[in-house]
Amino acid sequence: MARRLRVAVVGSGPAGLYCAQILTEDADRDVTVDVFERLPTPFGLVRYGVAPDHQKIKSIVASLAETFESPRVRFLGNVTVGSDVTIEELRARYDAVVLASGAPLDRRLGVAGEDLTGVLAARNFVSWYSGHPDADFDTSLLDVERAMVIGVGNVALDVARMLVRTPDELRRTDVPEHVIEVLAGHAVREMLVVGRRGPQFAKFTNKELVELAAVDSADVIVAPEELLLPEAEQARVAAQPAVKRLLASLQKIAGREPYGRDRRIRFLFDRTPVEFLGDTTVTAARLARTTDPTIVEDLDTGLILPAVGYRSTALSGVPFDDSSGTIPHRDSRVLDRDAQVSGLYVVGWAKRGPSGVIGTNRLCASETVAAVLEDAATLLERDRPDEPIDTLLQARGVTVIDWHRWQLIEAAEARLGAEHGRDRVKLYDRELMLTAAGVGGTPAS
Ligand SMILES: Cc1cc2nc3c(=O)[nH]c(=O)nc-3n(C[C@H](O)[C@H](O)[C@H](O)COP(=O)(O)OP(=O)(O)OC[C@H]3O[C@@H](n4cnc5c(N)ncnc54)[C@H](O)[C@@H]3O)c2cc1C
């Protein structure tokens with residue numbers, strides 16, 4: 001290579017960090033990577049999506065953090081690409097820009113009443129219990145007897161499980177103290193988990209189902225009639241071991257006598273939400289049998305959390321496919337109406353949509369990096385002024401949280417944890433994070 005390849009990665013979730021790791025893993029490759037992140041904190045949904053009681057999965061942050069042990073990778077947190085700095089400005093300064101901005105918006109159900117108060121995407125609740133600085137969840141919504149999550153993926157199970165976790169269990173996580181307080185005392189007694197299709201199409205994994213079934217703070221209920229399959233389906237299921245296992249677990253739950261616990265999680269399958277009822281605030285959900293729409297039931301509820309997937313968002317200056325909710329690409333190279341946008345790449349959920357586990361993003365990142373490296377010779381032909389982005393950000397008064405400052409935030413979280421007799425307690429307020437990082441009102445010690 002003629003000169004060093006300079007790469008900007010937009011987003012510090014697993015996809016972006018795997019890209020940075022793979023790009024710099026070969027000591028002989030002359031590459032530097034700047035990772036831009038709109039939050040003061042790295043790790044994307046590993047910090048703000050993966051359920052707090054899944055600490056084992058969350059421990060993946062340790063290997064993601066190793067990305068920054070390389071002197072060739074920098075973290076530029078608290079910088080929003082699109083407002084603090086534009087894509088064009090990045091493209092002018094870096095040979096390649098990799099979009100790893102995830103899928104931060106919610107898919108809608110398209111059901112009448114979806115905008116009533118009390119109907120809000122599960123992401124809002126997830127962000128709140130995860131201590132996301134932009135979380136917007138009115139906790140008074142939990143003052144209802146019955147709540148409903150729509151969707152039968154792992155996120156739906158996370159939400160149901162988190163609602164019944166005990167304070168003791170929550171104290172073993174890093175959720176903020178106010179979250180524990182609310183979750184300890186909320187009024188929800190019944191949580192319905194509603195799937196549009198039959199149980200054989202449930203998207204959650206058996207592992208998550210078994211974990212939920214084992215909670216001792218709630219009865220997990222599946223009525224046997226929810227699991228009756230049409231004959232034609234039975235042969236199909238028999239040929240799919242994973243589905244068979246899942247159905248066997250559901251059958252096992254259906255065969256249990258309820259313990260009479262204070263809270264219940266109940267599964268309903270083959271139900272399509274047709275309308276959410278209420279004046280300004282939701283009071284009930286009208287559900288129809290998917291296989292027989294003449295059977296309709298209205299179920300009282302004051303909180304409906306659709307968990308039906310995520311979509312990416314259009315970044316100014318970046319093509320966007322509205323129908324798939326992703327950034328269009330061919331072999332990870334961003335496309336503008338079928339033409340490749342030179343030096344612009346995509347990875348992770350912004351590329352694939354919300355699918356797969358964290359590790360899937362590693363494979364995805366290796367494909368994206370392969371495209372960048374394949375194009376490197378051409379990218380390096382372009383003359384690029386050596387104007388560090390730092391000068392531009394400084395001139396705009398953008399407060400950058402670098403890796404050291406992030407470590408100060410981490411240290412403050414550990415101190416807060418110690419104060420409460422816990423390992424770590426997340427800071428959830430952006431100002432407090434900046435203060436802890438030594439760039440807010442009160443410098444960190
Ligand atoms: C609720 C939930 C629970 C999950 N639980 C699990 C689990 O238990 N196990 C598992 O394997 N997977 C789980 N996943 C999936 C996993 O989190 C994703 O596969 C993974 O996080 C996707 O990685 P990503 O880097 O593409 O996106 P993200 O993790 O979303 O990262 C994108 C990053 O880009 C940043 N960003 C966005 N826009 C900009 C911008 N304009 N400028 C700068 N930065 C920007 C965001 O702030 C974010 O940090 C879960 C997902 C969700 C939603």
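The centres of domain 1 and domain 2, taken over C-alpha atoms, lie 34 Å apart in this predicted model. Domain 1 is built from two stretches of sequence, 5-104 and 311-401, while domain 2 covers 110-304.

**Where the domains meet**

Let's look at the boundary between them. On one side, 11 residues of domain 1 take part, and they touch 18 residues of domain 2. The size of an interface is often given as the accessible area lost when the parts come together. Here that area is about 1,200 Å², with 53% coming from carbon and sulfur atoms. Within domain 1, the residues that lose the most area to domain 2 are Tyr48, Pro52 and Asp53, which together make up 47% of what that side buries.

| Link between domain 1 and domain 2 | Count |
|---|---|
| Salt bridges | three salt bridges |
| Polar contacts (both residues at pLDDT 80 or more) | six residue pairs |

The side of domain 1 that touches domain 2 holds five nonpolar, three polar and three charged residues.

**Annotated positions**

An unreviewed UniProt entry marks a "binding site" at Ala15, Glu37, Leu45, Val81, Trp349, Gly356, Val357 and Ile358. These positions span 344 residues of sequence and are spread in space too, with up to 25.5 Å between C-alpha atoms. To find one of them in the structure, look for helix H2, residues 44-48, which contains Leu45.

Note on methods. Residues numbered from 1 in each chain as written. Predicted model: local features only at pLDDT ≥ 70, side-chain atom pairs only at ≥ 80, totals over all residues. Heavy atoms only, no water. Domains from an automatic or database assignment. Contact = heavy atoms within 4.5 Å. Buried area = accessible area lost by both parts, 1.4 Å probe. Salt bridge = Lys/Arg side-chain N within 4 Å of Asp/Glu carboxyl O. Polar contact = N/O pair within 3.5 Å; in protein donor to acceptor, adjacent residues only side chain to side chain. Nonpolar A, V, L, I, M, F, W, Y, C, P; charged D, E, K, R; others polar. UniProt positions renumbered as here; feature names shortened; annotations may be inferred. Helix = DSSP H or I, 4+ residues; strand = E, 2+ residues; numbered from the N terminus.
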